[in-house]
Amino acid sequence: MSKPLLFNAFLMNTASHIHHGQWRHPAARQHEFNDVNLWIDVARTLEDGLFDAMFFADVTGLYGPADGQYVDNVHEGLQIPSNDPAVLLGALAVATKNIGLAYTSNVMQNHPFNFARQVSTLDHISAGRIAWNIVTSTQENAARNFGYDALAEHDARYDWADEYLDVAYKLWEGSWDEGAVLVDKEGGRYADPSKIHKINHVGARYKVEGPHLPSPSPQRTPLLFQAGGSPRGIRFAAKHAEAVFIAPPDPAGARLHTQSARAEAVRAGRGAEDIKFFQGMSFIVGSTHREVDAKREEIAQYSSVVGYLTHTSLGILPDGTRLPEDTELRNIPNNGGQGHVDWLRAANPDREPTLGDLAQNRIDRGVVAGTADEITDQLLAWQDAGIDGVNVMNWRLPDTYLEFNERILPTLQKRGLAKTAYEPGTLRKKIFGHDQLPENHPGANYRGAFGSTQSASRAEAVVAGA
């Protein structure tokens with residue numbers, strides 16, 4: 001029996017995010033991304049459609065070789081120029097009431113003490129609707145932007161992220177005890193110092209004394225997203241993530257990924273259902289197949305193959321030339337985006353995929369087309385494969401989401417695959433039924449770990465096992 005899926009809008013504060021070239025369409029407004037009013041309009045459209053969250057992607061560097069040309073990136077508006085989504089979320093938090101606000105921040109770009117403070121502030125402003133997409137970055141240029149000679153090796157980046165999370169959990173979950181905030185005007189005590197603690201973290205990368213400066217926000221720890229598809233990324237998600245963005249090419253790939261990740265979560269001491277999986281999808285809806293085909297042709301008319309190829313970051317030489325499209329992926333060094341390559345290999349078991357296959361996969365990936373009923377049938381098949389929700393990738397802003405609300409949502413609701421109203425409370429409460437991390441999540445280990453003499457041994461044990 002079907003149950004309502006969760007729906008996020010997959011966005012980026014830039015002109016060209018996923019579907020490159022579409023910003024050139026006369027009806028498209030994504031080129032207006034500098035105007036906060038565009039985003040407020042989009043946010044209100046999404047709340048009308050009962051979307052669970054606005055999921056903002058982000059990067060802190062250019063796609064392609066670190067010493068390469070970036071002419072194509074700039075011509076395409078391919079994530080350059082782009083703006084900081086964290087700043088935008090502050091505005092959207094006060095312009096919305098129910099929708100979750102998820103944003104991407106990589107572990108290179110912000111010290112965990114400062115990042116934890118920013119997240120807590122946003123969670124307060126939004127009354128508990130903030131989510132964090134944990135990423136380790138895939139751009140060599142991003143590493144150089146923050147003073148590193150090169151991007152750390154793939155698995156080492158996840159080791160880095162493990163410590164980053166450790167610091168953040170200590171600040172969000174352990175630094176302030178429940179009941180620390182008093183607001184005692186008569187006694188002149190805003191908070192109880194005996195219930196506010198330094199964390200004294202000392203690790204391989206960070207040394208943080210604390211305490212956390214904000215008081216506990218409604219969720220304490222934001223809802224945690226992650227998107228790694230490599231074996232190391234899946235293990236990381238099994239330990240930390242509450243929601244995972246996936247992009248396998250078909251339901252069979254989704255089943256394999258979700259089953260593997262849920263099994264890893266159980267091995268990590270969590271429940272198999274403690275993680276929600278969101279498949280990336282784009283919709284082409286029509287009343288007839290002729291209308292669907294006409295829309296597909298219009299999308300193709302504005303699609304930029306150069307943009308999609310540039311987005312892969314593979315096969316581009318420093319002088320801007322590209323390797324032939326029949327170059328096999330195993331012959332191209334890849335220190336980022338390994339999960340997409342793995343999924344592509346799973347979909348082509350009889351041969352090694354090529355650069356051209358990867359580019360075409362970028363163009364076609366997640367496209368679900370048909371009438372509203374046919375789209376619903378396809379979503380049921382994906383749900384049966386293990387997904388819990390969809391990250392809806394737009395062709396054009398705001399038209400993609402207006403059309404979803406008008407032409408797809410009513411059928412989904414009629415067939416039980418979409419909710420008909422928001423539940424009250426925080427984002428985590430809406431999705432999982434509770435405001436804060438469950439007890440079996442590693443972040444919860446720090447609750448009460450820094451408080452009293454009696455808990456000192458617990459703190460030592462937690463730090464030792466971090």
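Where is the place of Pro81? The place of Pro81 is in the loop between helix H2 (71-76) and helix H3 (85-95), where helices (H or I, at least four residues) and strands (E, at least two) are DSSP runs numbered from the N terminus. This is a predicted model, in which local features need pLDDT of at least 70 and side-chain atom pairs count only at pLDDT 80 or more, while totals for chains, interfaces and linings use all residues. Residues are numbered from 1 along each chain as its sequence is written, and side-chain values use heavy atoms, with hydrogens and water left out.

Most residues other than glycine have a negative phi, and most peptide bonds are trans. The peptide bond from Ile80 to Pro81, however, is cis, with omega near 0 degrees. A cis bond also runs from Leu397 to Pro398, with omega near -5 degrees. Pro398 belongs to the loop between strand S13 (389-393) and helix H14.

Two residues other than glycine have a phi worth a look. For Val183, phi is near 45 degrees, a positive value. Val183 is part of strand S5 (residues 181-184) and, with a relative accessible area of 44%, is partly exposed; on this scale buried means under 20% relative accessible area, exposed over 50%, and partly exposed in between (1.4 Å probe, protein chains only). Asn200 also has a positive phi, near 50 degrees. Asn200 sits in the loop between strand S6 (189-191) and strand S7 (201-202), and its relative accessibility of 51% makes it count as exposed.

Attention now turns to Trp160, which lies in helix H6 (residues 154-174). Trp160 counts as buried because its relative accessibility is 6%. Beyond its neighbours within four places in sequence, Trp160 is in contact (heavy atoms within 4.5 Å) with Val107, Met108, Tyr148, Arg205 and Tyr206. Arg205 is 45 residues from Trp160 along the chain, yet their C-alpha atoms are separated by 7.6 Å.

The expected span of a helix is 1.5 Å times one less than its number of residues. The 14 residues of H9 should therefore span 20 Å, which agrees with the 20 Å between its end C-alpha atoms. Val292, Lys295, Ile299 and Tyr302 are buried in H9. These residues cover an arc of only 90 degrees around the axis, which puts them on the same side of H9; the arc is that of the directions from the helix axis to the C-beta atoms. An α-helix has 3.6 residues a turn, so residues three or four places apart point the same way. On the other side of H9, the exposed residues are Arg290, Glu297, Ala300 and Gln301. The cover over the buried residues of H9 includes strand S11, strand S12 (367-370) and H14.

What of the empty space? Rolling a probe the size of a water molecule over the atoms shows where empty space is left. On a 1 Å grid over the protein atoms alone, a cavity is a set of points where a 1.4 Å probe fits but cannot get out, a pocket is an open set with protein on both sides within 12 Å along at least five of seven lines, and lining residues have an atom within 4 Å of a point. Grid points are joined across faces, edges and corners, and a volume is the space filled by probe spheres set on the points. The structure holds 4 cavities of 30 Å³ or more.

The largest cavity has a volume of about 130 Å³. Its lining has 15 residues, of which Ala15, His17, Ile18, Gln30 and Asn394 lie nearest its centre. By class, this lining has 8 nonpolar, 7 polar and no charged residues; Ala, Val, Leu, Ile, Met, Phe, Trp, Tyr, Cys and Pro count as nonpolar, Asp, Glu, Lys and Arg as charged, and the others, Gly among them, as polar.

The second largest cavity holds about 60 Å³ of space. Its lining includes Phe283, Val285, Trp395 and Phe404. Strand S11 (276-285) and helix H14 (399-414) each supply at least two residues of this lining, and H14 gives the most, with 4 residues.

The second largest pocket contains about 380 Å³ of space. Of the 23 residues that line this pocket, Lys3, Pro4, Leu6, Lys276 and Asp388 lie nearest its centre. Helix H8 (251-267), helix H13 (372-384) and helix H15 (427-432) are the elements that give two or more residues to the lining. The residues of this lining divide into 8 nonpolar, 4 polar and 11 charged.
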